[in-house]
Amino acid sequence: MTNRPALLGGMLLAVLGSLCPFLWFVLTSFKSQIQVEAIPPTWWPDGSLAFYTSALVEHRLFHYVRNSVVVAGATTIIVLAVATPAAYALARLRLPGKAWILGGLLCVAMFPPIVMAGPVWQILERLGGLNTHWGLVLPYVSLSLPLAVWILTVFFQELPFELEEAARIDGCTTWQTLSKVLLPLATPGLFTAAILTFIYAWNEFFFALLILTNPDQQTLPVGIALFQGEFTMPWGEIAAASVVATLPLIIVVLLFQRGIINGLSAGAVKG
Amino acid sequence: MSPARGTTGWGMVLPALAFVAFFSLYPAIDSFLLSLYSEFPGPEPAFIGFGNYAELVQDPVAHQAFIVTLGFVLLSTTLELVLGTGLALVIHERFMGRGVVRAAVLIPWAIPTVVASQMWRFLLNDQYGAVNAILFGDRVDAYVPWLADPWMAFGAIVLADVWKTSSFAGLLILAGLQVIPDETYDAARIDGATAWQRFWHITFPLLKPALLTALLFRTIDAFRVFDLVFVMTQGGPGDATQVIQFYGYKTLFTEGRVGYGTTISVTVFVATAMLSLFYIRTAGSKLLQREPA
Amino acid sequence: MIPTSSFPTQSPLPHRSSRAAWFFAAALLFNVPTAYCQDVFAEPPVSPPVTLHFVTWKADHPQAWNEAIQRFEEAHPRIRVKREMAPHSSTAYHDLLTQKLRNRESSLDLFLMDVIWPAEFAVAGWALPLDTYFHQSEREKFLPATIASGLYGDRSYGVPSRIDSGMLYYRKDLLEQYGFSPPSTWNELARQARTILEGERIAQPLLRGYSGQFKQYEGLVCDMLEFVGSHNGSFLTEDGRRSNLTAPESLRAVRFVREQIIQRLATPAALTYQEPESLAVFSQGKAVFHRNWPYAWGVANNPRHSKIAGKVGVTTLPRFSEGRSTSALGGWLYGISAYSRHPDKAWAFIEFMTSPEIQKHFAIHASLAPSRLALYADPEVLRANPQYRELFPIFQTARSRPRTPVYPIVSHILQRYFSRVLAFPGTDIREEAEEADAKINRFLTLTKEARP
Amino acid sequence: MTGLALRHIGKTFGQTRVLHDVSLEAGDGEFVVLLGPSGCGKSTLLRIIAGLERQTGGSVSIGGRCVDDVPPSERDIAMVFQHYALYPHFTVRENLAFGLKIRREPTPVIEERLAETASLLDIDNLLDRRPKELSGGQRQRVAMGRAIVRKPALFLFDEPLSNLDARLRASMRVELKKLHRRLGTTMVYVTHDQAEAMTLGHTIAIMNHGRIQQTGRPDRIYQEPGNPFVAGFIGNPPMNLFEGSYRLHPRDLEFRVGDLTVRIPFQAHDLVGTESGTATLGIRPEDVTFDPPGPRHVAIAGTIDLIENLGGDAVVYLTVKGQSLAARTVPGLRQHAGESVTAHWPMNALHLFINEHRVPLPSS
């Protein structure tokens, strides 16, 4: 549609810029220990799989991946379930003070998580949520809600009003209007919010470190961080773990971005 | 609107508000109250009003950390918005293998920050780092200890942040691009607008709400940058990369100065809120004002 | 007995009872299964076999640890040990552990504690005094420095699991080639290094004179302590009441580091080094001298990790001509949480883990330098770790970092001070030292006031 | 009976008053057109009837039942939107069936109605397509189908043809008319297009500035516009309107605007006003001729500015005594632009408005 060379250039730049640093990690993961810290660095790895064995077997990487999938998945589902109706109401229904609610959500999102960690820890201790996955999911939901609500609110505001009115005349309740008519149209927004939330929960380290000290429950960032020994920096194992741990994310992104595209074509609502 | 619909509206908003109230608002208020108690933990914490804030105003370490943070916020958000817009424009186009490109672009962001920061520390190593290898090849004598120089260390944390989160901004902006109807572009093309003019006069204004959202959330996050510094530089060398939130963390968690540590974080919050308000005021508060037609 | 003073455990308001109501409401709202709600009010039933919760890091030799704990559980069938994993970085570990202790987490029984923490933990009331368990007669069997690190006031709070102290590694081959014996003073070290660098300029242009840890982190304090201490300087005055950074000996040592070590021998790259990076430089054959902990011996002599295996020598750290060699004491102590419900069983665990047999097990299978004196004469230990013969004298020179309840604060001030004067060559060392002095003094005064 | 009655409807948005005291009735089976320029409040009125907006005053009855507190879905209405509002993620079939499914109609009923409607609108072959695969006219049909399939008591149309091209619009107009005849349901139709209004409506309500200006049968509105706005709004090209002054004489009325003076036979007592004042005089372009004058004709000389030849007829723009005047006539006028000509009109074709109201003139 636009000029092809520019697009191609931009695409290459984007892909290279994003991937190159990571590719170094990929190469590192196949090196041998002495190669990792070689001066000057060597480009081509020996093809050793020792780091993978170590990351997967000794460090039980899959177990961390599984925990992270559970936590991030649950967070995403709950956030979408809670944020969607809220965003719809904020975008479309007449609520007194909705600007305040949106502003307030934004405001709460500004509070540094570090300082909230103490009180959150205490709440979870009372609820018995320490060292449990749901104990981590609760603050994650709360912390990622503001962004999700904002994204979805913007999205709902862009959808034509006529559709909603048609649905109301067709006899839909507010909930039906949302679920049957608007949600299918808002899929790009939903998937965007879902990716953002999922990756937030996937990446989060600080709360996870504090709340989960039992290795059985620990999530991936904590798990990989704990690879580090007292005086050793296992670059190779970390690299191998990152490569393995990024694979599920790539799958998730590939799945979700399909949703964004589908939503896109459905979004052509006007004449 | 009939009363019934009003109730439904509140019912829809309430769960979100409840979550936020319990796990964000209440901890925030609790922290604020803590910041009013004596900065050094004695046998009993004493209420000292805004004493901690008075101390903060005179704390040269905090001043430096604040300046470093502000520089980090402005620099990284600007770069991320520009690169994010570029990424969004690229992945918005329809072409073969767009899914793969999209996934590739999201990889940096999908790597946990603690790991990505380690990776950059590794890449920027003065001896076996890839950055030196790419720039200087085998001329090891030219290798630069990037993180040893205060300015370059600062540049490095900005670089790592931009690399990692531009795609976040890109996704938000992409969502905004998707609601701009194609006809608008067609009309502009017929009017003879160049690609740049089309972007500047059509895409950009229509993209403003999305850009504002991206700017706001990136600013909020950048102000609270922590993991990156924690892993890459520990604030060094010589506090050159000590951002305010890392200082707050050290004070609160390592030093156990609960009152003062919370005060620092509350100040981060106030600064974030002020900058956000400024953005909303300048960029237009369309989002907050719009009512159903 | 639990000391009365403590850190604020949480927000002073609102009070606990009203909080309980809050949480109950929260529980209802979020539809939390009622079992969790009951937990809020009722004690969980105590099942017959006791489970001890032990905060530790992920071991470098997990097999050795698993085996030791398994042996303990076999010896004490009614006690189970559950490990909670914290990061291996001393600071990150500290932050996580203190977060738990600050909130009086009662499920926590035991922890490993860095040698710099006992004062802080004692004053906060987090660590249980061990005097009733850990008798004088027993203490005498350990390296004195390690026992001292567990003391605060006249009480003992920690039992040394091993010893760590700074030492000087050097390239035996290069020193021999140039006819040098290991340096005993810093100036000698600098001279030797310069000569070797000069001689190797063509063959090894990248060779550095020295490799140490100068990044802004806890390790910087250890490295600097060794320079300052070996110049008869100290961080705090003898009585521990005032900061002593502006003393001429201290200032001169810092200046030496800035001008000789950073700017000439180690290059500013050392400002980014923690232990692994600095060791990598050495084990890749790119440094003549290297300062590190005992573990480096094994790595530098392991051909899988090192290009200089077999060419490594180790000795006590040099001194300045008017001082005596100083080695920073590191290592970990076992401590019992003051909130533990099973202190006796926890002690049983410590006693077992620090027993001669288990320390021997760790020395052989995990290369952890024993804190028990007797093991340095044990043939099996020496067969597995021949370097202990050379290291043993170094362990005797080990010196603690300041023992104060506000150590984390003091450490941050020191880190900032040292890192600034090293990273910004234009700064005035005296001015920076005065600023650091003032700050440290302020907190030392506050502690005195806070002390009961 | 399923008529519609609006009583004293008022509506304000914040400070802006968009509807003033609107009253309107539509009998059972009647086709009422709300006609007016954009922004006149006609769409708001329609949305109030639908229940999508709540009026701030007055009441709405449908079929004799006050529906002020009845939600849109229970008002027994259907609405066709300007942009059709087809659900883009549903097929045509699903779009049509959606309203019935929501109301939990049994499947056989849905099937039957669907088939009936599809054949009525001739969209049987489109049922499995999605809206974006349809042409504008097809979308229009589907939108209507979605309304028809529910068999409501009242149809509401919000400028449904405004997005179609001229030809399609004309043919859809005819179909709509047929459809109405077939269904016999009451319909309210909002448009700004007078041709649609004139051809479709039994009754036209002309709106401006939130008020109904005139309600009546299309021909009545054309022949006897109640005020200058209606007079100028209906008719193509619009009626020539002169704003000037009048003076009352014993047997006639003298109207002056600039140099133009017209004397109109008049009974003074008909005028509830003063001896003189301002007035608006109107003459439809189609009443102006260039033929030799008949009896009771006014004849004025003028200059031709422009002639628009539309094929079947022509519009001549001329200047008479300093005033612009449009005339619609058959093509083939001898004179050309720039030449002078004499225009005539019968006296009884004049429309006089004083104080914004029509003043009846004696018919011939």
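User: In this predicted model, which residues have the most contacts inside the largest nonpolar core?

Analyst: The model is a predicted one. Its largest nonpolar core has 418 residues. Helix 7 of chain A gives the most to this core, with 16 residues. Those with the most contacts inside the core are A:Ala83, A:Val149 and D:Val188.

User: Leaving aside neighbours within four places in sequence, which residue of chain B is in contact with A:Ala83?

Analyst: With neighbours within four places in sequence set aside, the contacts of A:Ala83 in chain A are A:Leu145, A:Ala148, A:Val149, A:Leu152 and A:Ala193. The list also holds a residue of chain B, namely B:Ala16.

User: How many residues does the other core have, the one with D:Val262 and D:Leu281 among them?

Analyst: This core lies apart from the largest one. Its members include D:Leu352 and D:Phe353 as well as D:Val262 and D:Leu281. The number of its residues is nine.

User: Which helix supplies the largest share of the side of chain A that touches chain B?

Analyst: The interface brings 90 residues of chain A into contact with 84 residues of chain B. Several helices of chain A each supply at least two residues of this side, including helix 1 (4-29), helix 4 (61-92) and helix 13 (235-266). The largest share, 14 residues, comes from helix 7 of chain A.

User: How many residues of the side of chain A that touches chain B are charged?

Analyst: Divided by class, this side of chain A has 69 nonpolar and 15 polar residues. The charged residues number six.

User: How are helix 1 of chain A and helix 3 of chain B placed to each other, oblique or roughly perpendicular?

Analyst: Helix 1 of chain A packs on helix 3 (residues 60-92) of chain B with the axes 9 Å apart, at an angle of about 120°. The crossing of helix 1 of chain A and helix 3 of chain B is left-handed. In chain A the contact is made by A:Leu7, A:Gly10, A:Met11 and A:Ala14, and in chain B by B:Gly86, B:Leu87 and B:Val90. Angles of 65 to 115 degrees count as roughly perpendicular, and the two helices are therefore oblique.

User: What is the angle at which helix 10 of chain C and helix 18 of chain C pack?

Analyst: Residues of the contact include C:Leu220 and C:Met224 of helix 10 and C:Leu414 and C:Phe418 of helix 18. By class, the contact has five nonpolar, three polar and one charged. The two helices are roughly perpendicular to each other. Their axes are 9 Å apart, and the angle is about 70°.

Definitions and conventions:
Residues numbered from 1 in each chain as written. Chains lettered and ligands numbered in written order. Predicted model: local features only at pLDDT ≥ 70, side-chain atom pairs only at ≥ 80, totals over all residues. Contact = placed C-beta atoms within 7 Å. Helix = DSSP H or I, 4+ residues; strand = E, 2+ residues; numbered from the N terminus. Nonpolar A, V, L, I, M, F, W, Y, C, P; charged D, E, K, R; others polar. Core = buried A, V, L, I, M, F, W, Y, C linked by C-beta atoms within 7 Å. Buried ≥ 20, exposed ≤ 12 C-beta atoms within 10 Å, placed from the backbone. Axes fitted to C-alpha atoms, helices over the stretch in contact; angles between N-to-C directions. Parallel < 35°, antiparallel > 145°, perpendicular 65-115°, else oblique. Left-handed = near helix turned anticlockwise from the far one by under 90°.
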